[in-house]
Amino acid sequence: VLASAELSTYDNVKVYVRPYFGDSIQTHTIAAVCGAIVGTFIANPLDVMKSRLMNQHNNISQGVEQKVVYKGIIDCAVQMIKKEGIKSGWKGCIPALLRMAPMDSLTWIVT
């Protein structure tokens with residue numbers, strides 16, 4: 001999900017930006033940052049659900065008395081939306097974006 005969102009956004013933005021900057025570092029940086037923004041926005045809810053599912057099993061295996069909170073990914077999504085609202089899927093989105101934008105920029109400039 002992340003790769004498809006990033007790559008398609010990067011390629012589309014690059015087409016629109018290239019007439020202004022040519023095939024330069026600025027073109028690749030702008031396209032990469034846009035790709036990181038879209039990719040993070042789309043992938044973050046899945047990442048939050050994955051983390052919650054993994055953490056509940058880690059706590060149980062370490063002997064912490066805790067019942068299983070989520071039965072699966074769909075149950076996790078439903079409970080998150082019911083209890084915390086739709087915005088709960090984007091918890092930690094800013095740190096993820098601050099990690100992805102420079103990484104994507106460097107990746108596309110170097111390659």
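Helix α1 spans residues 2–21, a run of 20 residues, and extends 27 Å from its first C-alpha to its last, close to the 28 Å expected at 1.5 Å a residue. The model described here is predicted.

The helix bends by about 35° at Val15. A proline, Pro19, follows this position within four residues. Just after α1, Gly22 adopts a positive phi of about 70°.

The buried residues of α1 are Ala5, Glu6, Thr9, Tyr10, Val13, Lys14 and Val17.

### Packing of α1 and α4

Two packed helices are described by the angle between their axes and the distance between the axes. Helix α4 comprises residues 93–110, and its axis comes within 13 Å of that of α1, the two crossing at roughly 60°. Because of this angle, α1 is oblique to α4. The contact involves Leu2, Glu6, Leu7 and Tyr10 on the α1 side, and Met100, Asp104 and Trp108 on the α4 side. In handedness, α1 passes α4 in a right-handed crossing.

### Asp104 and Lys91

Asp104 lies in helix α4, whereas Lys91 is located in the loop between α3 (73–84) and α4. Asp104 has a relative accessible area of 5% and is therefore buried, the cut-off being under 20%. Lys91, at 47% relative accessibility, counts as partly exposed, because this value falls between the 20% and 50% limits.

Leaving aside residues up to four places away in sequence, Asp104 touches Glu6, Ala32, Gly35 and Ala36. With the same exclusion, Lys91 touches Asn44, Val48, Arg52 and Glu84.

The table gives the C-alpha separation for one pair involving each residue.

| Residue pair | Separation along the chain | C-alpha separation |
|---|---|---|
| Asp104 and Phe21 | 83 residues | 19 Å |
| Lys91 and Asp47 | 44 residues | 9.7 Å |

Conventions
Residues are numbered from 1 along each chain as its sequence is written. This is a predicted model: local features need pLDDT of at least 70, side-chain atom pairs count only at pLDDT 80 or more; totals for chains, interfaces and linings use all residues. Side-chain values use heavy atoms; hydrogens and water are left out. The expected span of a helix is 1.5 Å times one less than its number of residues. The bend at a residue is the angle between axes fitted to the seven residues ending there and the seven starting there. Buried means under 20% relative accessible area, exposed over 50%, partly exposed in between (1.4 Å probe, protein chains only). Axes are lines fitted to C-alpha atoms, for helices over the stretch in contact, and angles run from 0 to 180 degrees between N-to-C directions. Angles under 35 degrees count as roughly parallel, over 145 as roughly antiparallel, 65 to 115 as roughly perpendicular and the rest as oblique. A crossing is left-handed if the near helix is turned anticlockwise from the far one by less than a right angle, and right-handed if clockwise. Contact means heavy atoms within 4.5 Å.
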